[in-house]
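Reader: I'd like to learn how to read a few local features in a model. Could you walk me through some?

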Amino acid sequence: MKEGFISTLQSYSTKDGPGIRTTVFCIGCNLRCAWCANPELMLPGEKYMYFKQRCIRCGSCIKHCHGEISMAENGCVIDRANIDMDTLRQCEDVCPKSAYEKVGTRITSAALAPKLLRDKEFYTVSGGGVTFSGGEAGLQADFVYETAKLLRKEGVPVTLDTAGLIKWDILSHLLEEIDLVLYDIKSIDEQIHKKCTGVSNQLILDNAKKIADIPKPMWIRMVLVPDWNDDLDDIKKRFEFIKSLGPAVKRVDVLKYHTLGEGKYYSLGMEYPIAPGTVCSDEFIDKVSEIADMVGIPINIEN
């Protein structure tokens, strides 16, 4: 059976598709979105988060390192460039308050599917299912495909949450075992997209058209971040593009930027890219709603 690399299973999720769901968060992503709420899922491989709010400054971790950790007034300072995984594992073991937390578990599709099927009754009653998210779940296409096939044999619908930066031959095969696609469209303008994510959007837009042509049901998601992808002309072009995809698009969610992932950056020793105080104003969202109405696209505003 195929092996995947995941972080967590989020049960009773209501934001990642219809009904009550379990979301599988896959590790690894080929975009670097400035506003990513899950930075621990960006880079491949095992990693450790350090939560200074849990730290009691006991020094247990320092005794098990080789100078890579020092004590400051508000907790530990970790030399991320030089500390190794074995040392961080020891820190996790000895910390009395679980200030160190591992991210990353390897699991086969044969082992994962039974865990997900435990909540089958909730899926059935609510019209829910399982969502594979990330990171970018499409980077582990074989693992997701195999797990999805096991779930669908048991009557559980499967959703793929993707940014679409996947070669079409890989993505199209994966979609054979997917019931619904949650698809992110972050910008139409290629330069804006590169600024926000580090990559071109040409393959992403091409794949969106191909998914719609199958046709495979899609929910389009648009995250709006002031000073990054909030150009109103580009937003209008996004709505026009979505409309061109036709009846395959069953829903359009506009997601207002939030800072819920900010603390994760600090726990990983990373700098948060978005300026403090960044917020989507009500006036801006009203303008976005007016543009959607003008284009003829019904939208849902998600906070």
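Author: Here we go through a helix pair and then some loop residues. This is a predicted model, where local features need pLDDT of at least 70, side-chain atom pairs count only at pLDDT 80 or more, and totals for chains, interfaces and linings use all residues. Residues are numbered from 1 along each chain as its sequence is written, and side-chain values use heavy atoms, leaving out hydrogens and water.

Reader: At what angle do the axes of α5 and α6 cross?

Author: Axes are lines fitted to C-alpha atoms, for helices over the stretch in contact, with angles from 0 to 180 degrees between N-to-C directions. Here α5 (residues 141-153) and α6 (residues 168-175) cross at roughly 15°, their axes coming within 9 Å. Angles under 35 degrees count as roughly parallel, so α5 and α6 are roughly parallel to each other.

Reader: Which residues of α5 and α6 meet?

Author: Contact means heavy atoms within 4.5 Å. Ala-141, Val-144 and Tyr-145 of α5 meet Ile-170, His-173 and Leu-174 of α6.

Reader: Is Thr-278 buried or exposed?

Author: Buried means under 20% relative accessible area, exposed over 50%, partly exposed in between (1.4 Å probe, protein chains only). Thr-278 has 15%, so it is buried. It sits in the loop between α10 (262-267) and α11 (282-295), and its side chain reaches the backbone oxygen of Ala-275 at 2.7 Å.

Reader: What about Asp-227?

Author: Asp-227 is exposed, at 62% relative accessibility. Its phi is positive, near 75°, though Asp-227 is a residue other than glycine.

Methods: Helices (H or I, at least four residues) and strands (E, at least two) are DSSP runs, numbered from the N terminus. Angles under 35 degrees count as roughly parallel, over 145 as roughly antiparallel, 65 to 115 as roughly perpendicular and the rest as oblique. A polar contact is a pair of N or O atoms within 3.5 Å; within protein, one must be able to donate a hydrogen and the other to accept it, and residues adjacent in sequence count only if both atoms are side-chain atoms.
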